Amino acid sequence: MKKTLLPIAAGLAVLSYSALAPAYESGDWVARVGTHYIDPKSDNNDTADVKGALGLTGSVSYFIAPQFAAELLLAAPYKHDIELKDGTEVGSTRHLPPTLSLVWYPQLDKTWHPFVGAGLNYTTFFDESTKGPLAGTKLKLDDSFGIAAVVGLQVDFTPQWSVVVDARYFDIDTKAKVDGTSIGTVEIDPFGYGVSVGYRF
């Protein structure tokens, strides 16, 4: 009986270990492409509000350890409309939000991989335009540097391919000027909600 139980116990131990074996190895790369909806907080300025937008995003992750990856989030330029408090559209801006984060993948399952991370975001604004009551004026939004956070879930459907859903927070504050006159700080501080497809190299 002991001779029979020992191989069974050893087999179960191996299966238990493999079930919780790290999904990634040091040196792995993962590339993702998808879309995120960027939703600025409401009342982000006393005079105007920056509205939400949907855009194309991508990321590259490098695993510095089986459970830790350095992630660079990139995006195609986002365009946000700007409205006065009464809903009158007065302008728009485009921005790029590259974000570098350290992401932790806890060792829980072979297929389902939750993750959480934090890092730094740099947002640059460009192509500002005005219309309506502000038509003919020059709008300028300063670049922003702040913290960022992410939480998400990756589900593998082959050893290389996966689908990912995540939610992100960006600390984005920008000083706004119209014809060189300050109209205050715009605290955009958006949440981003996204889905993407990933490939492991």
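User: What makes the lining of the second largest pocket nonpolar, polar or charged by class?

Analyst: This is a predicted model. The lining of the second largest pocket has twelve nonpolar residues, three polar ones and no charged ones. Ala, Leu and Ile count as nonpolar. Ala48, Ile82, Leu134, Leu139 and Ile183 are the residues nearest the centre of this pocket, out of 15 in its lining. Two or more lining residues come from each of β2 (48–50), β5 (78–84), β9 (139–141), β12 (173–178) and β13 (181–187). The space in the second largest pocket is about 170 Å³.

User: What makes a space a cavity and not a pocket?

Analyst: In a cavity a 1.4 Å probe fits but cannot get out, whereas a pocket is an open set. By this rule there are four cavities of 30 Å³ or more. The largest cavity holds about 80 Å³ of space.

User: Which residues line the largest cavity, and how do they divide by class?

Analyst: The lining of the largest cavity includes His36, Ile38, Thr57, Leu73, Arg168 and Phe170. Eight of its lining residues are nonpolar, three are polar and one is charged. Arg counts as charged, and Arg168 is in this lining. Strands β1 (29–39), β4 (68–75) and β11 (161–170) each give at least two residues to the lining of the largest cavity.

User: Why is Arg168 called buried?

Analyst: Buried means under 20% relative accessible area. Arg168 has 4%, so Arg168 is buried.

User: How do you know that Arg168 and Glu71 form a salt bridge?

Analyst: The cut-off is 4 Å between a side-chain nitrogen of Lys or Arg and a carboxyl oxygen of Asp or Glu. The closest N and O atoms of Arg168 and Glu71 are 3.1 Å apart, and the pair forms a salt bridge. Arg168 is in strand β11 and Glu71 in strand β4, so the pair ties together parts 97 residues apart in sequence. Both Arg168 and Glu71 are buried.

User: What else does Arg168 pair with?

Analyst: Asp166 forms a salt bridge with Arg168, with closest N and O atoms 3.5 Å apart. Asp166 has 9% relative accessibility, so Asp166 counts as buried. Salt bridges link Arg32, Glu71, Asp166 and Arg168 in a network. In total, the structure holds nine salt bridges.

User: What makes Glu187 and Lys41 a salt bridge?

Analyst: The closest N and O atoms of Glu187 and Lys41 are 3.0 Å apart, and the limit is 4 Å. The pair links distant parts of the chain, with Glu187 in strand β13 and Lys41 in the loop between β1 and β2, 146 residues apart.

User: Why are Glu187 and Lys41 called partly exposed?

Analyst: Partly exposed lies between buried, under 20%, and exposed, over 50%. Glu187 has 33% relative accessibility, so Glu187 is partly exposed. Lys41 has a relative accessible area of 31%, so Lys41 is partly exposed as well.

User: How do you know that Ser92 makes a polar contact with Ser129?

Analyst: A polar contact needs N or O atoms within 3.5 Å. The side chains of Ser92 and Ser129 are joined by a polar contact of 2.9 Å. Ser92 lies in strand β6 (residues 89–96). Its relative accessible area is 8%, so Ser92 is buried. Beyond its sequence neighbours within four places, Ser92 is in contact with residues including Lys79, His80, Asp127 and Leu139.

User: Why is Thr99 called buried, and what does its side chain reach?

Analyst: Thr99 has 1% relative accessibility, so Thr99 counts as buried. The side chain of Thr99 reaches the backbone oxygen of Pro97 at 3.0 Å. Thr99 is in strand β7 (residues 99–104). Leaving aside neighbours within four places in sequence, the contacts of Thr99 include Glu71, Leu73 and Phe170.

Definitions and conventions: Residues numbered from 1 in each chain as written. Predicted model: local features only at pLDDT ≥ 70, side-chain atom pairs only at ≥ 80, totals over all residues. Heavy atoms only, no water. 1 Å grid on protein atoms, 1.4 Å probe; cavity = no way out; pocket = protein on both sides within 12 Å on 5 of 7 lines; lining within 4 Å. Points joined across faces, edges and corners; volume = space filled by probe spheres on them. Helix = DSSP H or I, 4+ residues; strand = E, 2+ residues; numbered from the N terminus. Buried < 20%, exposed > 50% of the residue type's maximum accessible area, 1.4 Å probe, protein only. Polar contact = N/O pair within 3.5 Å; in protein donor to acceptor, adjacent residues only side chain to side chain. Contact = heavy atoms within 4.5 Å.
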